[in-house]
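Open the model in your viewer and switch to cartoon.

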Amino acid sequence: MTTHADRAAPDRGGPQSGPAHPRSAGALHVLDGPDRGRAWPLAPGTHLLGGSPHCDLTLTDPDVARWHCMIAVTSHTPGRPATVTVEDRGSHTGTLVNGTPAGRPSVLTPGARIVVGRTTLGWAPAGWKPAASPAPVSRTPPVRPGGGASLLDEATVVIGALSRLRRAPAPAPAPATAPPPMQAPTTVQSPVPAPATAVAESTAEARKPKRWLRSAAPERPAHRSTLLATLTILLALATLAGAGALTNLPLLFPPLAASMALIAAGRALPLAQPRNVLGGHVVSALIGFTAVAVIGAGGWAAALAGACALAAMLVLRMSHSPAVGTAVIVGATAPSVLQFMELLVLAGIILVAFGVIGAQLEGKKYPVYWW
């Protein structure tokens, strides 16, 4: 699949001087900081910015976190500008967009300033040029070379202006306007009828269906990427199905299938990293067993376990939405703790392993980070 690691084309050596990337929605320029002068053309997708060498946009600023913020670019369709958002990823110094903290996705306007650590970046959409600011008007009175203006100089200027006004001639009266000349009557010619072929073409053009719906979604991945993702998830789910049949735990299959879909189709997303996949499922399962121990198995325990599992994953920075289903299954069915946890951990390792294999076959990087 085409991920954020394939869409950013960082300029490692200096300012951007060549032509922009043909699919680029714009460029992100470093305006101030240790990497001043660098620029990255951004194509549709998600791009990680931070100090880690595995980031798409790598900065050498020591105050920038390893995974500082995420920049998302929508599809750049003709006639519709791309939408770019920035979201901080829990960095210790934070991310500012035009002076406002970007704890949630913040939309970048043309010329927006992003501050991360000691670095200031500017967003320039494709084809956008900043408006030229007017030259400052000096309102300081003229000063003599030897010092400040004296009262005698000011009086001389005033007297000279009054004398010029006195000597100015009175405005001449406006000349009388002559009546407009008579014009010969013009004959109105009837329009020449258009050829039948032109009329037919214009009618056919008017009847063509207009493209009213324009999608801002990322571009369709290449056929090879789609095929490899399909084969990867097929092999992984077949392995999980065999493990579920041997352990008589088929209910665990749906959330794990959703996890594998995230890994195969969005391997660059934080939700698809091993920390989130393994940690999210394990934490959710433990919360589900806790809910069963407190109020017993059933629908109420399933609802409580699902809600508490999401809160715990957010607090622990290992959000993984399919893991909520794991908590619900445990709360509703109360399976054997040891058997369930063994299968869950084994299944998580299998998912990550198939994700690594699929990325290697496609020539991509997974995971972006392990922990």
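This is a predicted model: local features need pLDDT of at least 70, side-chain atom pairs count only at pLDDT 80 or more; totals for chains, interfaces and linings use all residues.

Residues are numbered from 1 along each chain as its sequence is written, and side-chain values use heavy atoms, with hydrogens and water left out.

**Stop 1: strand E1**

Select residues 26-32, strand E1. Strands (E, at least two residues) and helices (H or I, at least four) are DSSP runs, numbered from the N terminus. Two strands pair if DSSP finds at least two bridges between them.

Leu28 faces Trp40 of E2. The E1-E2 hairpin has 6 residues between its strands, and Gly33 has a positive phi near 125° there.

E11 is antiparallel to E1, with 6 bridges. Val30 has Leu121 as its bridge partner in E11.

**Stop 2: the open sheet**

Trace E4-E3-E5-E6-E9, an open sheet of 5 strands with mixed pairing. Its edge strands, E4 (57-58) and E9 (106-107), each pair on one side only. Zoom in on E6, residues 84-88, which runs antiparallel to E9 through 2 bridges. Val86 stands opposite Ser106 of E9.

**Stop 3: helices H7 and H8**

Select H7 (299-315) and H8 (323-333). Their axes come within 7 Å and cross at roughly 145°. Axes are lines fitted to C-alpha atoms over the stretch in contact, with angles from 0 to 180 degrees between N-to-C directions.

Show side chains. Contact (heavy atoms within 4.5 Å) involves residues including Ala305 and Leu310 of H7 and Ala327 and Val328 of H8.
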